[in-house]
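Hi,

Here is the structure I promised to pass on.

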Amino acid sequence: MLGSYDVMAFVVSTDLARARMFYETTLGLRVVSENPHTMAFDANGTTVLISRVRDFEPAAHTVLGWVVPDARAAVLQLGAAGVSFERFEEFAQDTLRICTFPDGTKVAWFKDPDGNMLSVTQSAPSQEGQPH
């Protein structure tokens, strides 16, 4: 039923001004609307809606991620913009903190200012263009 409709992603923040700086300036998303309670960004055709909350516990898992053509280039560019990448003991990660899975998929994780886990993923060579 919903397969032919656009998807909207949701993230929460305790400080919309701080979230705007990160998502707009650091990540390069375009603000499309805002009010005192929410802010909507365009992420290459997908709406990312950030809702203001009083408090919350960030999830331990990834809540929002981007498929990129080159994980190394994305990590270097984001790192130059001040983004720090997460180290996970359960995954073998290189010096840039990129994990390469057995199928060749490469993933690096980072957090927004509220602690929401985000990621960049480079598809395995045989899976490029496939959904994750």
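Helices (H or I, at least four residues) and strands (E, at least two) are DSSP runs, numbered from the N terminus. With that in place, Lys106 has Gln122, in β8, as its bridge partner.

Please keep in mind that this is a predicted model, where local features need pLDDT of at least 70 and side-chain atom pairs count only at pLDDT 80 or more, while totals for chains, interfaces and linings use all residues. Residues are numbered from 1 along each chain as its sequence is written, and side-chain values use heavy atoms, with hydrogens and water left out.

Strands β7 and β8 (residues 117-122) run antiparallel and are joined by six bridges. They belong to an open sheet of four strands, ordered β5-β8-β7-β6, with mixed pairing. At its edges are β5 (62-67) and β6, each of which pairs on one side only. Helix α2 packs on this sheet and touches β7 and β8; contact here means heavy atoms within 4.5 Å. The direction of α2 makes about 140 degrees with that of β8 (axes are lines fitted to C-alpha atoms, for helices over the stretch in contact, and angles run from 0 to 180 degrees between N-to-C directions).

Strand β2 (residues 30-34) pairs with β3 in the antiparallel sense over four bridges, and a hairpin with three residues connects β2 to β3.

How many of the six residues of β3 are buried? Five are, so β3 is largely enclosed by the rest of the structure. Buried means under 20% relative accessible area, exposed over 50%, and partly exposed in between (1.4 Å probe, protein chains only).

Val32 sits in strand β2 and is partly exposed, at 41% relative accessibility. Leaving aside neighbours within four places in sequence, Val32 contacts Ala40, Phe41 and Asp42. Its C-alpha atom is 8.7 Å from that of Thr47, 15 residues away along the chain.

**Two residues with positive phi**

Asn44 is not a glycine, yet has a positive phi of about 55 degrees. You'll find Asn44 in the loop between β3 (38-43) and β4 (46-52), in a hairpin with two residues between the strands. Asn44 counts as exposed, at 79% relative accessibility. The other one to look at is Arg97, again not a glycine, with a positive phi of about 70 degrees. Arg97 lies in the loop between α2 and β6 and is partly exposed, with a relative accessible area of 32%.

**Nonpolar cores**

A nonpolar core is a set of buried Ala, Val, Leu, Ile, Met, Phe, Trp, Tyr and Cys residues joined through side-chain atoms within 4.5 Å. The largest one has 27 residues, and those with the most contacts inside it are Tyr23, Leu27, Phe41, Val48, Ile50, Phe110 and Val120. Two or more residues each come from β1 (8-13), α1 (16-26), β3, β4, α2, β7 and β8. Another core, of five residues, lies apart from it and includes Phe88, Cys99, Val107 and Trp109.

Setting aside neighbours within four places in sequence, Val48 contacts Ala9, Val11, Met39, Ala40, Phe41, Ala43 and Leu64.

**Aromatic pairs**

Searching the whole structure gives seven aromatic pairs. Rings of Phe, Tyr and Trp (its six-membered ring) pair if their centres lie within 6.5 Å; planes under 30 degrees apart count as stacked, over 60 as edge-to-face and the rest as tilted. Phe22 and Tyr23 make an edge-to-face pair, 5.3 Å centre to centre with 85 degrees between the planes, and both Phe22 and Tyr23 are buried.

Why is the pair of Phe88 and Trp109 edge-to-face? Because the ring planes of Phe88 and Trp109 stand at 85 degrees, with the centres 5.3 Å apart. This pair links distant parts of the chain, 21 residues apart: Phe88 is in the loop between α2 (71-80) and β6 (99-100), and Trp109 is in strand β7 (residues 106-111). Both Phe88 and Trp109 are buried. Ring pairs also link Phe88, Phe91, Phe101 and Trp109 into a cluster.

Cheers

Definitions and conventions
Two strands pair if DSSP finds at least two bridges between them.
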